[in-house]
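Please consider the structure shown here together with its sequence. The explanation below is intended to be read alongside both.

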Amino acid sequence: MKANLTTLRRIIDRHCVEPTTRTIIPGLLLFRADEPTTPMDVVYEPRFCIIVQGSKTVTLCDKVFEYNSQKYLITAVDLPVKGCVTQASKEHPYLSLCISLSPEKIKDLINDIGSHESDLKSICPSCITTSDLTNDIFDPVFRLLSMLDNPQDIHVLYESIMREILYRLLQGPQGYVLRQIATVGSNLSHLNRAIDWIRDHYREAFDIASLAQVAGMSTPSFHRHFRAATMMSPLQYRNRIRLQEARRLMLNTNMDAAEAGFCVGYESPSQFSREYRRMFGAPPASDVKYIKQ
């Protein structure tokens, strides 16, 4: 793996000249940073990530996940996290890749290899985790990225290589999580319906009982599974989505704090400012000014 890791670094270095590059390979994103970064709030959709040079921390609530080229990271549902590159330089930039996880492709593979149905009704697992990167996972990833230098191969080889990557992940320590997101009737599949609803309606007020109905679960069960999977309550999840979007609006459109708060669903400017400061450590105007500087 060591020799191929060096080659993979060169491939990503050639094809990723911006901080984020969407490639011609479906679902494949490349990332680079020439210096350590400040923590940035983002929403990680279901994805499989490998760092080939440098290191990074991803924080969900109070839990910190540190990983480098020895580990891979998986997220199984949409999660509002903080990402921070901790090791990078111009001579040795941070280089990484992320592959979107398709529940449909995972489901098709499960139908071929079988599932462990008895496990799927237990408590939802944490939907973000890291595991050791092994050769059987790294090798098909290497072959997938090698197609960036040989794009004529993508049409013929992409599906089989992607299927091999998913198979190796299903056989690994996080296979249980992947089976949950792709299996109709699992607790995590029910939970995903509620998470999708929150992402689409985060500006709206809701009560837990109604959201539990969206998920098709009892209120106590829904609350318990949601916290186990995301490490926060449904209301905390909604507030993080709101505040991240408000911050994006102020940074990208120069919207003032009062207008941004109203746009994401806050009726009280004081409540918006209070919750914003609690999450980001500074009032909206001061935080945005610091980031821009």
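The paragraphs that follow treat helix packing, selected helical residues, loop residues and cysteines in turn.

This is a predicted model, in which local features need pLDDT of at least 70 and side-chain atom pairs count only at pLDDT 80 or more, while totals for chains, interfaces and linings use all residues. Residues are numbered from 1 along each chain as its sequence is written, and side-chain values use heavy atoms, with hydrogens and water left out.

Two packed helices are described by the angle between their axes and the distance between the axes. Helices here are DSSP runs of H or I with at least four residues, strands are runs of E with at least two, and both are numbered from the N terminus. Axes are lines fitted to C-alpha atoms, for helices over the stretch in contact, and angles between N-to-C directions run from 0 to 180 degrees.

The pair to examine at the outset consists of helix α2 (residues 103-113) and helix α5 (residues 175-182), whose axes come within 8 Å and cross at roughly 105 degrees. The two helices are therefore roughly perpendicular to each other; angles of 65 to 115 degrees receive this description, those under 35 count as roughly parallel, those over 145 as roughly antiparallel, and the rest as oblique. On the α2 side, Pro103, Ile106, Lys107 and Ile110 meet Leu178, Arg179, Ile181 and Ala182 of α5, where contact means heavy atoms within 4.5 Å. The residues of this contact comprise six nonpolar, no polar and two charged. In this classification Ala, Val, Leu, Ile, Met, Phe, Trp, Tyr, Cys and Pro count as nonpolar, Asp, Glu, Lys and Arg as charged, and the others, Gly among them, as polar.

Is asparagine 192 buried or exposed? Its relative accessibility is 17%, so asparagine 192 counts as buried; the term applies under 20% relative accessible area, with exposed over 50% and partly exposed in between, for a 1.4 Å probe and protein chains only.

Helix α6 (residues 187-200) takes part in a further packing with helix α9 (residues 234-253): the axes come within 10 Å and cross at roughly 40 degrees. Ile195, Ile198 and Arg199 in α6 meet Pro234, Tyr237, Arg238 and Ile241 in α9. Here the contact residues divide into five nonpolar, no polar and two charged.

Phenylalanine 226, found in helix α8, has contacts that include Ile195, Ile198, Pro234 and Tyr237. With residues up to four places away in sequence not counted, phenylalanine 226 also touches Leu191, Met231, Met232 and Ser233. Because its relative accessibility is 0%, phenylalanine 226 counts as buried. Its C-alpha atom is 8.7 Å from that of leucine 188, a residue 38 positions apart in sequence.

Threonine 219 is likewise placed in helix α8, but at 33% relative accessibility it counts as partly exposed. The C-alpha atoms of threonine 219 and isoleucine 208 are separated by 6.8 Å, although the residues are eleven apart along the chain. Beyond residues up to four places away in sequence, threonine 219 touches Ile208, Ala209 and Ala212.

Methionine 231 is found in the loop between α8 (219-230) and α9. Its phi is positive, about 65 degrees, although methionine 231 is not a glycine. With a relative accessibility of 21%, methionine 231 counts as partly exposed.

Cysteine 61 also has a positive phi, near 55 degrees, in a residue other than glycine. The residue lies in the loop between β5 (55-60) and β6 (63-67). Cysteine 61 is partly exposed, at 23% relative accessibility, whereas cysteine 98 is buried, at 6%.

A disulfide is a covalent bond between the sulfur atoms of two cysteines. How many disulfides does the model contain? Under the rule that a pair of cysteine sulfur atoms must lie within 2.5 Å, the count comes to zero. For cysteine 61, the closest cysteine sulfur is that of cysteine 127, 12 Å away and therefore too far for a bond.
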